[in-house]
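Colleague: I am new to this structure. Please take me through a single part of it, up close.

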Amino acid sequence: NFFGGDSTSYASFDPAKELGVQDPIGFWDPLGLSADKDEATFKRRRAVEIKHGRIAMYATIGYIVPEYYKFPGYLSPSLGLKFSDVPNGLAALSKLPVLGGAQIIAFAGLIETTGFFQAASTTDGRGPREGQFSMKDSTETGEPGNYGVGFPTFLGKVEDPEARKTKLAAELANGRLAMMAIIGMFFQDGLTGSAWGDWSLYTTSPLRAGREPRIARNFFGGDS
């Protein structure tokens with residue numbers, strides 16, 4: 001350094017060594033989003049990835065369970081709406097009471113602004129991002145996704161370091177799979193009316209035209 005002696009070397013942040021780098025693909029960043037090795041940006045994206053993965057896992061389970069089981073009784077006694085009256089998948093939105101939808105949005109907003117009630121205040125680590133139309137997550141400055149409540153099972157924290165690392169890696173992998181799964185369910189449900197994609201119901205598919213029998217006219221005339 002300037003005054004002589006040895007300078008202290010700091011290990012630079014390396015995204016390729018973070019959780020989520022798993023076999024068989026390994027480190028996968030085809031767009032080079034982490035090429036600048038900016039730790040703050042990486043933590044923000046990791047917090048977003050974890051949050052979306054957790055929501056997608058719940059959403060996927062929410063699609064599957066009603067196919068086999070629904071709560072008894074009434075969803076809205078005042079409207080005479082039973083749980084059994086609510087269709088599965090996207091069609092359920094047509095039966096959702098207005099006040100019920102407002103409650104869902106309010107609850108999501110409460111959780112989002114309090115960091116599962118673990119933040120010191122509703123503005124702890126939050127607020128508008130400077131120069132951007134986006135919000136900060138209360139875990140960005142620490143460990144992304146760690147709200148201190150044993151999320152997503154609420155059964156307590158994993159104390160063993162190796163077991164914790166394994167479970168966090170599994171959560172990332174399962175969350176990524178769930179994000180792909182729920183998008184597939186949305187598309188199939190929207191196109192066929194079923195999350196399981198009953199092809200016979202999608203009569204307007206552009207791919208179906210290639211499967212329909214055609215009458216070909218041969219070179220010399222006449223039908224073949």
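In which hand of crossing does helix 1 pass helix 3?

Modeller: First, the ground rules. This is a predicted model, where local features need pLDDT of at least 70, side-chain atom pairs count only at pLDDT 80 or more, and totals for chains, interfaces and linings use all residues. Residues are numbered from 1 along each chain as its sequence is written, and side-chain values use heavy atoms, with hydrogens and water left out.

Helix 1 passes helix 3 in a left-handed crossing (the near helix is turned anticlockwise from the far one by less than a right angle). Helices here are DSSP runs of H or I, at least four residues, numbered from the N terminus. The two pack at about 55°, with axes 7 Å apart. Axes are lines fitted to C-alpha atoms over the stretch in contact, and angles run from 0 to 180 degrees between N-to-C directions.

Now the contact, meaning heavy atoms within 4.5 Å. Helix 1 brings residues including Ala56, Thr60 and Tyr63; helix 3 brings residues including Ala178, Ile182 and Met185. By class, the contact has 13 nonpolar, 5 polar and 6 charged residues.

The largest nonpolar core has 6 residues: Ala56, Tyr63, Ala178, Ile182, Met185 and Ala195. Such a core is a set of buried Ala, Val, Leu, Ile, Met, Phe, Trp, Tyr and Cys residues joined through side-chain atoms within 4.5 Å; buried means under 20% relative accessible area, with a 1.4 Å probe and protein chains only. Helix 3 gives the largest share, 3 residues. Met185 touches Thr60, Tyr63, Ile64, Ala195 and Trp196, not counting residues up to four places away in sequence.

Definitions and conventions
Buried < 20%, exposed > 50% of the residue type's maximum accessible area, 1.4 Å probe, protein only. Nonpolar A, V, L, I, M, F, W, Y, C, P; charged D, E, K, R; others polar.
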